[in-house]
Amino acid sequence: MSGNEIKLANGQRWAWQQFLDHYRSAQISGTPTPVGDAPSPVAVDMSWYMSEGPGRYYHPGMFPIINSVANRHDLSPGTYDLWKLAPAKDRDPSVKAAITNYTTDPLSADYKTRSLVFGDESARISGQVIVSPDGTKTFKGIEIQPYDSDFDFQHNNWKRPALEIIREAARRHYDPENRGISYEIPYRGKGRFDDQPSDRGIGRIYHPFTDSQLKAALRNSSSAPPGLLPSFTAAPPPAIEENLRYLDQVSGNRLQAAAPSVGGGPIGSSASSANRNSLPRDVGTWIASLAGVDPGDPTRPQQGAAIGDSSKQRLLPPWVFFGSP
């Protein structure tokens with residue numbers, strides 16, 4: 001969490017003190033326990049939350065349904081939705097995992113911010129598993145999204161009395177009036193790229209991985225990066241329109257390369273240069289990586305990392321994760 005600041009859905013960044021000030025902004029009245037209207041919700045950017053915030057501690061191995069499916073040997077070859085594989089009586093707990101910021105990574109620089117603002121939280125996992133004829137399982141379209149949270153000092157978990165004693169001490173320090181109120185912290189973003197535009201955002205989305213890859217990652221989890229397996233927390237550049245533009249550019253350049261020269265260059269070379277630079281650099285590079293060509297010259301193979309060099313891993317198009325567009 002950079003600088004102990006939390007990124008909101010509207011682009012602003014708040015420190016923990018601003019969340020506390022927002023809590024105190026409600027008008028309260030009444031005795032012996034003051035009562036007041038709840039402050040307005042404060043939406044937190046979901047992509048930030050899953051990459052830099054508390055959501056970075058989630059990974060697929062935390063969810064019971066993932067481990068259950070990985071260890072099953074009775075599934076016939078085919079594609080299954082994780083939700084449908086969860087047992088009916090325990091469906092919600094099977095696709096859910098919890099974290100407590102009070103005890104998670106207490107030596108981290110953002111520990112105070114996480115524990116004061118977010119506290120106990122949970123997330124849901126979704127996606128599919130493909131079972132091959134040899135029994136190998138590949139998880140596809142896996143996404144972890146946090147459930148909305150809230151900010152308060154209320155006692156809500158007496159199963160952990162030591163924690164509630166600490167929360168009560170914090171309440172007496174930060175809320176001596178004992179306001180007894182709370183406000184919502186929803187997680188929002190710019191929408192998923194396979195849905196209609198919305199503010200729901202995306203969580204952490206995983207590249208396809210096998211059951212053996214998951215087990216290997218769990219064995220080495222102490223040195224694993226956030227998310228445990230290759231994943232992303234922000235949507236790749238728009239795919240379809242830019243891909244069509246890129247294919248048009250490739251076709252045009254190939255025709256120009258085969259055309260006779262005029263004035264020392266292929267016919268239309270100046271137009272080719274302008275067209276080549278018309279795509280934003282990150283979008284053009286991303287699409288070029290999909291096609292396996294040089295982003296500066298689509299007529300040449302990509303001059304990238306050697307095979308096995310994971311430091312220059314290609315981004316995959318959205319339909320790899322969510323099916324064909």
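These questions and answers cover strands, helices and a nonpolar core in a predicted model.

Reader: What makes strand E6 and strand E8 a pair?
Author: A pair needs at least two bridges. E6 (residues 78–81) and E8 (residues 120–131) have four bridges, in the antiparallel sense. Gly78, for instance, has Val131 in E8 as its bridge partner. So E6 and E8 count as paired.

Reader: How do you know that strand E7 pairs with E8?
Author: Five bridges join E7 (residues 96–100) to E8, again antiparallel. The cut-off is at least two. Therefore E7 and E8 pair.

Reader: What joins E8 to strand E9?
Author: Eight bridges do, and E8 and E9 (residues 137–146) run antiparallel. Arg124 stands opposite Gln145 in E9. The two strands form a hairpin with five residues between them. In that turn, Gly135 has a positive phi of about 95°.

Reader: Why is helix H6 called largely enclosed?
Author: Count its buried residues. Buried means under 20% relative accessible area. Six of the eight residues of H6 (residues 111–118) are buried, so the rest of the structure largely encloses this helix.

Reader: Which residues of H6 are buried?
Author: Thr113, Arg114, Ser115, Leu116, Val117 and Phe118. Gly119 follows H6 and has a positive phi, near 60°.

Reader: What makes a set of residues a nonpolar core here?
Author: The members are buried residues of listed types, such as Val, Ile and Phe, joined through side-chain atoms within 4.5 Å. The largest such core has 50 residues. Those with the most contacts inside it are Phe19, Val44, Tyr49, Phe63, Ile65, Ile66 and Phe139.

Reader: Which residues does Ile65 touch?
Author: Leaving out residues up to four places away in sequence, Ile65 touches Leu82, Leu85, Ala86, Ser94, Val95 and Ile125.

Reader: Which residues make the contact between H3 and H8?
Author: H3 contributes Ile66, Asn67, Ala70 and Asn71. H8 contributes Asp211, Leu214, Lys215 and Leu218.

Reader: What is the handedness of the crossing, left-handed or right-handed?
Author: H3 passes H8 in a left-handed crossing.

Definitions and conventions
Residues numbered from 1 in each chain as written. Predicted model: local features only at pLDDT ≥ 70, side-chain atom pairs only at ≥ 80, totals over all residues. Heavy atoms only, no water. Buried < 20%, exposed > 50% of the residue type's maximum accessible area, 1.4 Å probe, protein only. Contact = heavy atoms within 4.5 Å. Left-handed = near helix turned anticlockwise from the far one by under 90°.
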